[in-house]
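Keep the viewer open while you read.

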Amino acid sequence: MSGAHPMSRSRTTQTRLILPPDTNQYGSIFGGKILAYDEIAAIACMKHTGKEVVTASFDSVDFVSPAYVGDMLELEAIITSTGRTSMEVYVRVLSRNVKTGEEKLTTESFVTMVAIDEEGKPTPVPAVYPETEEEEKLYKAGLERQKTRREKRKKLKEAIV
């Protein structure tokens, strides 16, 4: 693939500590706080493109299990597919109890980001290609989700007109 980059080039990880202001009355992290960490998706895209990016959509967010004050969050993002100017990013959030070492999946999401130029207009991005079996699965599923997003946008435009 000429001009394409391996998916691994975009792989980004961050570790965060859950503090009391991040939580609700049950001591678990606000879902919105986790969504605010979409910066990891942006960083993955900027690593891939060398360009500024904006969030186009949260395509899916699954809150799998709670995380609590004092837990560490380990966030990981990787670009799974690209369009002409857009990139789908898989974001996985694991929580780790510092005292017990127990680790669990907290959140999985797919975010679509768009690269922009100096004038804030969408600009083309390089394609991605998988190198591992896990990446191959994400890549193939990403192409299917991309098709679904296009159909959804088409229906929305038709409904507005």
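1. Is Gln146 buried or exposed, and why? Bear in mind that this is a predicted model. Gln146 has a relative accessibility of 11%, and buried means under 20%, so Gln146 counts as buried.

2. To find Gln146, go to helix α3, which covers residues 133–160. Leaving aside residues up to four places away in sequence, Gln146 touches Ser81, Thr82 and Gly83.

3. The volume of the largest pocket is about 320 Å³. There are 14 lining residues, and Ser57, Asp59, Thr112, Arg149 and Arg153 are the closest to the centre. Two or more lining residues come from each of β3 (52–63), β6 (103–116) and α3.

4. What is the make-up of that lining in nonpolar, polar and charged residues? The lining of the largest pocket has 4 nonpolar, 5 polar and 5 charged residues.

5. Now over to helix α2, residues 39–49. The buried residues there are Ile40, Ala41, Ala42, Ala44, Cys45, His48 and Thr49. When you look at the spacing, remember that an α-helix has 3.6 residues a turn, so residues three or four places apart point the same way.

6. Last, look at what comes just after α2: Gly50, with a positive phi of about 70°.

How values were computed:
Residues numbered from 1 in each chain as written. Predicted model: local features only at pLDDT ≥ 70, side-chain atom pairs only at ≥ 80, totals over all residues. Heavy atoms only, no water. Helix = DSSP H or I, 4+ residues; strand = E, 2+ residues; numbered from the N terminus. Buried < 20%, exposed > 50% of the residue type's maximum accessible area, 1.4 Å probe, protein only. Contact = heavy atoms within 4.5 Å. 1 Å grid on protein atoms, 1.4 Å probe; cavity = no way out; pocket = protein on both sides within 12 Å on 5 of 7 lines; lining within 4 Å. Points joined across faces, edges and corners; volume = space filled by probe spheres on them. Nonpolar A, V, L, I, M, F, W, Y, C, P; charged D, E, K, R; others polar.
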